[in-house]
Amino acid sequence: MRLSGCSLGCIYCDTGAYLRRTDSCRLETAPGSRRFVEIRNPLSVDLVIECVKLHAAPEVHSVSITGGEPLEQPGFTETLAGELKSLGMTVYLETNGCSFDMFSRIAEHIDIAAIDVKLPGTVRCSAAQCESLVENELACIRLASENGIYTIAKIVVLPETAEHELERICREMPSVDAIVIQPVSGQSVSELKLLALQGIAARHLGADRAMVIPQMHKALGMM
Ligand code: SF4
């Protein structure tokens with residue numbers, strides 16, 4: 001499920017329609033059908049749980065909470081994740097890692113966490129703000145990893161991303177289950193650049209954990 005609202009300003013953001021709260025949201029009536037019903041916002045946690053149950057099936061891997069930014073609605077996200085977990089569902093949080101404090105509140109309910117690390121030049125903010133953001137992101141990753149959450153560090157790279165920027169992040173990165181280098185959509189990041197960046201991640205965190213994966217929902221034309 002995609003929560004609305006995010007106060008970061010990533011230059012590559014592809015969820016602009018979800019950065020602000022909206023009057024209504026959409027529920028797909030059957031998985032993959034692309035048929036939707038509109039529901040008035042805000043939704044209660046109970047109603048969201050009922051919507052999730054409509055799509056529950058043995059083959060469903062996990063319930064993803066993404067955004068926008070889930071950590072910007074910490075109370076709702078905490079309650080929702082706790083309820084999902086208590087129903088025996090696998091909870092997969094996708095977050096930009098903007099707040100270690102907020103992440104700490106919900107970590108006990110999370111099974112899988114994909115946490116962004118924003119490289120310099122990818123977010124519209126001052127150098128000091130970017131530095132603080134990276135500190136929070138790495139702290140979230142450390143907490144997730146130490147608490148047995150399957151932890152994925154996701155790093156979007158641009159054609160102009162410098163290798164030393166990734167090198168620095170990888171040096172400070174705690175152990176993770178996977179580090180995903182994601183070429184920004186809509187721009188051409190060369191194969192040589194991607195191989196070099198993947199090599200840096202592999203040297204620091206293990207070749208079996210360092211991978212290059214494009215935005216699959218975009219590649220497949222999905223929501
Ligand atoms: S963190 Fe995600 S939702 Fe927020 S601006 Fe960046 S890309 Fe968009």
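Reader: Where is glycine 68 found?
Author: Glycine 68 sits in the loop between β3 and α2. Such elements are DSSP runs, numbered from the N terminus (helices: H or I, at least four residues; strands: E, at least two). The model is predicted, so local features need pLDDT of at least 70 and side-chain atom pairs count only at pLDDT 80 or more, while totals for chains, interfaces and linings use all residues. Residues are numbered from 1 along each chain as its sequence is written, and side-chain values use heavy atoms, with hydrogens and water left out.

Reader: What kind of peptide bond joins glycine 67 and glycine 68?
Author: That bond is cis, with omega about 15°. Asparagine 41 and proline 42 are also joined by a cis bond, with omega near -5°. Proline 42 lies in the loop between β2 (36-40) and α1. Most peptide bonds are trans.

Reader: What makes glycine 68 part of the surroundings of the ligand?
Author: Glycine 68 is one of the residues around the ligand, together with Cys6, Leu8, Cys10, Cys13, Thr15, Leu19, Asn96 and Lys118. This shell divides into five nonpolar, three polar and one charged. Ala, Val, Leu, Ile, Met, Phe, Trp, Tyr, Cys and Pro count as nonpolar, Asp, Glu, Lys and Arg as charged, and the others, Gly among them, as polar.

Reader: How does the reach of helix α2 compare with the expected span?
Author: Helix α2 (residues 74-86) has 13 residues and reaches 18 Å from its first C-alpha to its last, close to the 18 Å expected. The expected span is 1.5 Å times one less than the number of residues. Just after α2, glycine 88 has a positive phi of about 85°.

Reader: Why is the pair of aspartate 111 and lysine 85 called a salt bridge?
Author: The term asks for a side-chain nitrogen of Lys or Arg within 4 Å of a carboxyl oxygen of Asp or Glu. Here the closest N and O atoms are 2.4 Å apart, so the pair qualifies. Aspartate 111 is in the loop between α3 and β5 (112-116) and lysine 85 in helix α2, so the bridge ties together parts that are 26 residues apart in sequence. The whole structure has seven salt bridges.

Reader: Why is lysine 85 counted as partly exposed?
Author: Buried means under 20% relative accessible area, exposed over 50%, and partly exposed in between (1.4 Å probe, protein chains only). Lysine 85 has 32%, so it counts as partly exposed. Aspartate 111, at 22%, is partly exposed too.

Reader: Is aspartate 116 buried or exposed?
Author: At 10% relative accessibility, aspartate 116 counts as buried. Its salt-bridge partner lysine 154 is 3.4 Å away, N to O, and is partly exposed at 23%. Asp116, Lys118 and Lys154 are linked in a network of salt bridges.

Reader: What makes arginine 34 stand out by its phi?
Author: The phi of arginine 34 is near 60°, a positive value in a residue other than glycine. Most residues other than glycine have a negative phi. Arginine 34 is in the loop between β1 (24-28) and β2. Its relative accessible area is 53%, so arginine 34 is exposed.

Conventions. A residue is near a molecule or strand if one of its heavy atoms lies within 4 Å of it.
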